[in-house]
Protein chains: 2
Amino acid sequence: MAFDAIETPFGKVDKIIGGSATYVAYAASNFVTPVQQISIVGYDFPKEEMDSLKKRGIEMDGVEVVPDKKSFFWSGKYHIDMNTRDTLVTDLNVLADFNPVVPDSYQGADFLMLGNLSPNIQLSVIDQLKKRPKLIVMDTMNFWMDIAMDDLKAVIKKVDVLLVNDGEARQLSGEVSLVKAAKAILDMGPKFLIIKKGEHGALLFHENHVFFAPALPLEEVFDPTGAGDTFAGGFIGYLAKTKDISFDNMKTAIIVGSAMASFCVEKFGPNRLKEISKSDIDARLEEFVELVNFDIDLV
Amino acid sequence: MAFDAIETPFGKVDKIIGGSATYVAYAASNFVTPVQQISIVGYDFPKEEMDSLKKRGIEMDGVEVVPDKKSFFWSGKYHIDMNTRDTLVTDLNVLADFNPVVPDSYQGADFLMLGNLSPNIQLSVIDQLKKRPKLIVMDTMNFWMDIAMDDLKAVIKKVDVLLVNDGEARQLSGEVSLVKAAKAILDMGPKFLIIKKGEHGALLFHENHVFFAPALPLEEVFDPTGAGDTFAGGFIGYLAKTKDISFDNMKTAIIVGSAMASFCVEKFGPNRLKEISKSDIDARLEEFVELVNFDIDLV
């Protein structure tokens, strides 16, 4: 949970709440409650944002509030194509000393989503859980591959689903072909691999199977910040709701994740996610069915 | 119809047959015959390649053979990611004076595919047809947008389906968003627009509808040369076979085109297209169904 300053070709905001956990929670809470949050914020994190999350069924027992430090702050500027961005500022603040403590009330959780953070912090949460969750989903990024590859691989070995983007899949595996990269990564431990390709959709790999979910073609992508986390939140939220972790159900969960991400990018930060209703989500899922459904006659 | 010299990270060939018309014909002839070819070649175009095409039901009455000139020759080298290439040599040869003449035996054709060539040549073929085909599909490229935009727009106005890649859609429309680009291009005349995104699949736009066909994730893309033409040949071949030019049938036709393109890239030039059987095509279409099919429960 953090503050972001974001500049896109369509506008800018100087300070808006963000952070993986915020986006995951907003997305997942459409499908399942409670969402039991683990994070750290400073004295400056607004009470009304905390209340807004609580109202949606997000529990805050695992969110440490540090009274004399500021929340994590990230500032970035997107290029005209919205696929690339420059990081302008990264102020770790409270995150520099983050040692997450899993509250007793969180023990027994069946679904664990590890947002993108240092592999050691991710591992610490896994290790604190007395009963292994039914499903552990892990997000990460190239930064950890650059500076902590061994630690990262140790965590990857312990999770069920790994989420990376296409460049990260190539970096992690050393393979250019995404199909070969997927095989190499599945050999590292996870049973499922999701490769996110931004506006080009996402691929789900499992054993020798592959499933593809497109991104919805949008007239305008206003702000991509948090889209990947929102995707992850929709994905694990849907799985937690349906309690079905089969490959077939994960296909649907990926479509749900894509639908949630398509909302996220429509406004700055999590603003659009705060507005949408179940009927908005249903309507968008119907759009995905329209987008990919076809009748096939064999030749 | 032409000769290509191709270098990819996986190997090179000094001289192999190629050209839009060759790929379109090989792909389409799996679905419908005769395919009535219009092209121009030199004295050097091999008789066995002509025979190979004829054996598949491709008529050559419209292919001019120039006895004292060489066939068009293109040479290119692909980069490591296979998405970009450098053109090393372009020898127009016979193509410099190409004035296609539509044979009488071709009159009355219901489906016309205009491969990527000068807009004036494309227009000349349309104008020579005494009865307008039921469906005219047109391919083009950024080169013609650079040097002959007005001529190009005049032809675009007369066709039913326009095929371009994502960069070309942006150049033609002046819009960055592909959804906005599609709207602008549909306003130029064509009822359908296909935006090809290479390894990221293809989008079909019609009125306010959009359909997405993924590319099959392949372990190795050996040589992308001709993949776009093969896609077009599969697309129009399937439509000609089914005689159904509805949006719904075009969805299936795009999947068929994607399946044909996925074969094309497996070997140099059209080599793989020469080998495949109907059962290979059926098996690959099943892979596409697996790739995108999902069950949806509304939330």
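1. **Terms and model.** A helix here is a DSSP run of H or I with at least four residues, numbered from the N terminus. The model is predicted. By that naming, A:S173 sits in helix α6 of chain A.

2. **A:S173.** Is this serine, A:S173, buried or exposed? A:S173 has a relative accessible area of 18%, and it counts as buried because the cut-off is under 20%. Leaving aside neighbours within four places in sequence, A:S173 is in contact with A:A181, A:A184, A:I185 and A:M188. A polar atom of the A:S173 side chain also lies 3.1 Å from the backbone nitrogen of A:E175.

3. **A:G174.** The loop between α6 and α7 of chain A holds A:G174. A:G174 has 63% relative accessibility and counts as exposed, because the cut-off for that class is over 50%. A:Q37 is 137 residues from A:G174 along the chain, and their C-alpha atoms are separated by 34 Å.

4. **Helix α6 in chain B.** This helix spans residues 166–173 of chain B. Its buried residues are B:E168, B:A169, B:L172 and B:S173. They lie on the same side of α6(B), because they cover an arc of only 120° around the axis. An α-helix has 3.6 residues a turn, so residues three or four places apart point the same way. What do the buried residues of α6(B) pack against? Their partners, within chain B, are the helices α4 (142–147), α5 (149–156) and α7 (178–186), together with the strands β9 (161–165) and β10 (192–196).

5. **The two ends of α6(B).** At the start, a side-chain oxygen of B:N165 comes to within 3.1 Å of the backbone nitrogen of B:G167. Just after the helix, B:G174 takes a positive phi of about 75°.

6. **The chain A–chain B contact.** Chain A gives 42 residues to the contact, and chain B gives 42 residues. Together the chains bury about 4,000 Å². Of that area, 63% is on carbon and sulfur atoms.

7. **Chain A's side of the contact.** The elements of chain A that give two or more residues to the side touching chain B are α7 (178–186), β12 (209–213), α8 (227–242), α9 (247–264) and α11 (278–292). Which element gives the most? It is α11(A), with ten residues. By class, this side of chain A has 23 nonpolar, four polar and 15 charged residues.

8. **Salt bridges overall.** The structure holds 34 salt bridges over all chains. Side chains of opposite charge can pair when their charged atoms come close.

9. **A pair within one helix.** A:D248 and A:K251 meet in a salt bridge, at 3.4 Å from N to O. Both are in helix α9 of chain A, and because they are three residues apart they are separated by about one helical turn. A:D248 is partly exposed, at 48% relative accessibility. A:K251 is buried, with a relative accessible area of 6%.

10. **B:D127 and B:K158.** Their side chains meet in a salt bridge, 3.9 Å from N to O. This pair links distant parts of the chain, 31 residues apart. B:D127 is in helix α3 (residues 119–128) of chain B, while B:K158 is in the loop between α5 and β9 of chain B. B:K158 counts as partly exposed at 39% relative accessibility.

11. **B:R132 and B:D160.** These two also form a salt bridge, with the closest N and O atoms 3.1 Å apart. B:R132 lies in the loop between α3 and β8 (135–139) of chain B, and B:D160 lies in the loop between α5 and β9 of chain B, so the pair ties together parts 28 residues apart in sequence. B:R132 is partly exposed, with a relative accessible area of 43%. B:D160 is buried, at 2% relative accessibility.

12. **A network in chain A.** Which residues are joined into one network by salt bridges that share partners? They are A:E266, A:K267, A:R272, A:E275, A:R284 and A:E287.

Technical notes: Residues are numbered from 1 along each chain as its sequence is written. Chains are lettered from A and ligands numbered from 1 in the order in which they are written. This is a predicted model: local features need pLDDT of at least 70, side-chain atom pairs count only at pLDDT 80 or more; totals for chains, interfaces and linings use all residues. Side-chain values use heavy atoms; hydrogens and water are left out. Contact means heavy atoms within 4.5 Å. Buried area is the accessible area (1.4 Å probe) that two parts lose on being put together, summed over both. Ala, Val, Leu, Ile, Met, Phe, Trp, Tyr, Cys and Pro count as nonpolar, Asp, Glu, Lys and Arg as charged, and the others, Gly among them, as polar. Buried means under 20% relative accessible area, exposed over 50%, partly exposed in between (1.4 Å probe, protein chains only). The arc is that of the directions from the helix axis to the C-beta atoms. A polar contact is a pair of N or O atoms within 3.5 Å; within protein, one must be able to donate a hydrogen and the other to accept it, and residues adjacent in sequence count only if both atoms are side-chain atoms. A salt bridge is a side-chain nitrogen of Lys or Arg within 4 Å of a carboxyl oxygen of Asp or Glu.
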